[in-house]
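Here are my notes from going through the model, as numbered points. Have a look at the coordinates alongside them.

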Amino acid sequence: MKDQTNVPAQSAGATSVPADSAMESKHVQLKRGLTSAQVSMIGLSGALGTGLFLGSGSVIGYGGPATVFAYLAAGFLALAVVWALAEMVSVHPVPGGHGAVAASYLGPYGGYVSRWNFAVTMLIAVGAEVTATATYLQFWFPSLPLWAGTILCSLFIVVLNLFSVQLYGSSEYWFSMIKVIAIMTFIALGLSLVFGFFPGVEAIGTGNLTEYGGFFPKGIPGLLAAICLAVFSFGGIENVSVGAAESEHPERDVPRAAHTMIWRLLLFYVLAILVVLMLQPWAETAGSHGTIDESPFVRALDITGVVGAAHIMNAVLIVAALSAANGCLYSSSRMIHSLANDRQAPRWAAVTAKNGTPRRAVLIAMIGMVIASVLALASPANAFLWLYGCATIGILVTWVMTMLTHMAFRSKRSAAGLPLAQRHLWAANIVAPIVIAASVGIFIGLYWLLPVAWYAGIPYLIILTLSYWAVRSVHPMHMRDLLAEDTDK
């Protein structure tokens, strides 16, 4: 495949703008330094976070044991999104991933909304994760102020992203590997406790799945509510597409990463949640307050007699939160770099260091991270909920825009007589509209489940749209026509 990481060419219909001579003398290209294994782990980083290790009680509170089906349904939606992403970015491995592809196939507005929405969503996630990490540090250092811990964690993540992409890829690989090992260990221990394979411990059995109101204690409405909340556990899977422009072999690595990543996520989430539900009555899990001592992972370790279970869990939580923050900051900075190349963000953010790292874009992303962290620290009960509301809407917007882009991608390539990618989304004409309809349905359901998503999300979408017209009126936009490039080959 032809290397497509050059400075974007002018698309048909875009306003012709002379290139800035100062920018021409600087580096504006990313470098391919991510291995296949690293691309795969980057995809896991965002979706495999503290929610699984500590949080899933709120989802279980709605669905009870049927929460297993909720995660299956949410996982299959995520599977469709990931395969659509993989199909598009393996053909067009450009900076900005699915956002840059949206700019070509949906036009300037589609590219602007896709990329800025994803960048902002990731920034909010970074602010939440570094604040969470600081909270976990207080488990060991009670006198450490929350603001100090947040700053320390933020600086650590920023440093990892300022250096070469190889350093980022290596750190994220090992962060994610620790999370995977922790989940596999928990599942193995949990199953051994449930079926009596652990020496000296009586089998717990599967009675907790049916003895407290049955498998569907809150009926179909409860299951649907659980699906709405479970979807957000898979937010961050889009990171796999952002790494395409820095992958050594994107046409091979991205589809492979998408395939292995999503099935791992489904397996980990479904098995881990199933084990949680079998280890204790679902109402006890739903009634937990999200403290480390109440984590079902800690419970499993305590039953087996592992010394210092809470400390082991705390270390895993810190790694999980830092990993998620690391991946989200990476994705946000690459989106900002792509926007700058298309003159939809400050042009100087397109400049990269000699090693290919977009350090200026990282700094912009860092500013957003600081704002999100400060808001979360200043008023955790209010400001943080508003940030979370924006994040949940941001995930839904990303999924809808991805599937709209995929529909345009398939339609326009077919009209131009271009072949599909070797590995493509099955039954795309049916699956894409289903994902879009499900995302809209989830948004409607959030009015009752998470009202702040409406109060924060709708103004956020209005501001995002108005900002596009403001940027467009100030500076002509520079877009790349990916379809024309393929047609010319």
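1. Let's start with a side chain out of the solvent: at 0% relative accessibility, glutamate 87 counts as buried (buried means under 20% relative accessible area, exposed over 50%, and partly exposed in between, with a 1.4 Å probe and protein chains only). Tyrosine 269 counts as buried too, at 3% relative accessibility.

2. Housekeeping before the rest. This is a predicted model, so local features need pLDDT of at least 70 and side-chain atom pairs count only at pLDDT 80 or more, while totals for chains, interfaces and linings use all residues. Residues are numbered from 1 along each chain as its sequence is written, and side-chain values use heavy atoms, with hydrogens and water left out.

3. How far to trust it? The protein chain has an average pLDDT of 80, and 84% of the residues score at least 70 (pLDDT is the predictor's confidence in each residue, from 0 to 100). Confidence is highest in helix α18 (residues 428–449), at a mean of 93, and lowest in helix α1 (residues 21–24), at 43. Over residues 1–25 pLDDT stays under 50, though the model has 58 contacts for them beyond four places in sequence (contact means heavy atoms within 4.5 Å).

4. Overall fold: the protein chain has 20 helices and zero strands (DSSP runs numbered from the N terminus, H or I of at least four residues for helices and E of at least two for strands). Of its 489 residues, 58% are buried. Among contacts with a separation of 6 or more, 82% come from residues 24 or more positions apart.

5. Back to glutamate 87, which sits in helix α5 (residues 67–91). Aromatics: the structure holds 14 aromatic pairs (rings of Phe, Tyr and Trp, with its six-membered ring, pair if their centres lie within 6.5 Å; planes under 30 degrees apart count as stacked, over 60 as edge-to-face and the rest as tilted). Tyrosine 173 and tryptophan 174 make an edge-to-face pair, because their ring centres are 5.2 Å apart and their planes are at 90 degrees. Tryptophan 174 is exposed at 55% relative accessible area, whereas tyrosine 173 is partly exposed at 21%.

6. Which way are the rings of phenylalanine 234 and tyrosine 269 arranged? Their centres are 5.0 Å apart with planes at 40 degrees, so the pair is tilted. Phenylalanine 234 lies in the loop between α10 and α11 (239–242) and tyrosine 269 in helix α12 (residues 250–279), so the pair ties together parts that are 35 residues apart in sequence. Phenylalanine 234 is buried, with 0% relative accessible area. Elsewhere, Tyr109, Tyr112, Tyr468 and Trp469 form one aromatic cluster.

7. Leucine 274 is also in helix α12, and it is partly exposed at 25% relative accessibility. Setting aside neighbours within four places in sequence, leucine 274 contacts Val68 and Leu209.

8. Last, the surface. Phe69, Phe216, Ile220 and Leu224 make a nonpolar patch of about 380 Å² (patches are made of residues with over 30% relative accessible area and no salt bridge, with like charges joined within 9 Å and nonpolar side chains, Val, Leu, Ile, Met, Phe, Trp and Tyr, within 5 Å; a salt bridge is a side-chain nitrogen of Lys or Arg within 4 Å of a carboxyl oxygen of Asp or Glu). Phenylalanine 216 is in the loop between α9 (165–194) and α10 (219–230) and is partly exposed at 36% relative accessibility.

Notes
Accessible areas come from the Shrake-Rupley method with a 1.4 Å probe; for residues, only the protein chains shown count as cover.
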